[in-house]
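The structure is shown first.

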Amino acid sequence: LIAELSINRLGQSGKPGQGMLDLYEETLGTTWSRVGSSAYFFLHYALMVAYIAQGGTNLNGLFQGLGVSSDGVPGLGQIVFAATCGLGLFAAPPSFVEKANSAFVLILATAFLGIVGLGASTADF
């Protein structure tokens, strides 16, 4: 639905690259646009927190496996994970970021389809 709305707005306005917040504003009006924007912000904030928490936990496990103690600094794995991802995105050229984003989307879509495929075999239709 979002893709269809984006294409319709592109055809109507002639402006390419309208963002989600612009689509909310034009479609829902000011009040509901703020509600939708708040939900969108919360969803992405929650995802960011989840990724940093799990990535940091994975790094803490790696540190322990390498014999590096992270007991002195609580959340060391999370700090290293966030700093590495942030600095990597900041320093990378935009073309690389675009290619990496496309690869991650493909990986996510493949994982989702795999989960649906496994779950479909156990569904009671």
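Q: Which helix gives the largest share of the lining of the second largest pocket?
A: This is a predicted model. The second largest pocket is lined by Tyr51, Asn101, Phe104, Val105, Ile107, Leu108 and Ala111. Six residues, the largest share of that lining, come from H4.

Q: Which element gives the most to the lining of the largest pocket?
A: The largest pocket holds about 610 Å³ of space. Helix H2 (20-65), helix H3 (76-91) and helix H4 (94-120) are the elements that each give two or more residues to its lining. With six residues, the element that gives the most is H4.

Q: How many nonpolar residues does the lining of the largest pocket have?
A: The lining is made of 17 residues, and Tyr51, Phe81, Cys85, Leu89 and Phe104 are those nearest the pocket centre. By class, three are polar and none is charged, while the nonpolar residues number 14.

Q: Is H1 roughly parallel or roughly perpendicular to H2?
A: Helix H1 (residues 2-13) packs against H2 with the axes 11 Å apart and at an angle of about 75°. Angles of 65 to 115 degrees count as roughly perpendicular. H1 is therefore, relative to H2, roughly perpendicular.

Q: Which residues of H2 make the contact with H1?
A: The residues of this contact divide into four nonpolar, two polar and two charged. From H1 come Ile2, Leu5, Ser6 and Arg9, and from H2 come Met20, Leu23, Glu26 and Thr27.

Definitions and conventions. Residues numbered from 1 in each chain as written. Predicted model: local features only at pLDDT ≥ 70, side-chain atom pairs only at ≥ 80, totals over all residues. Heavy atoms only, no water. 1 Å grid on protein atoms, 1.4 Å probe; cavity = no way out; pocket = protein on both sides within 12 Å on 5 of 7 lines; lining within 4 Å. Points joined across faces, edges and corners; volume = space filled by probe spheres on them. Helix = DSSP H or I, 4+ residues; strand = E, 2+ residues; numbered from the N terminus. Nonpolar A, V, L, I, M, F, W, Y, C, P; charged D, E, K, R; others polar. Axes fitted to C-alpha atoms, helices over the stretch in contact; angles between N-to-C directions. Parallel < 35°, antiparallel > 145°, perpendicular 65-115°, else oblique. Contact = heavy atoms within 4.5 Å.
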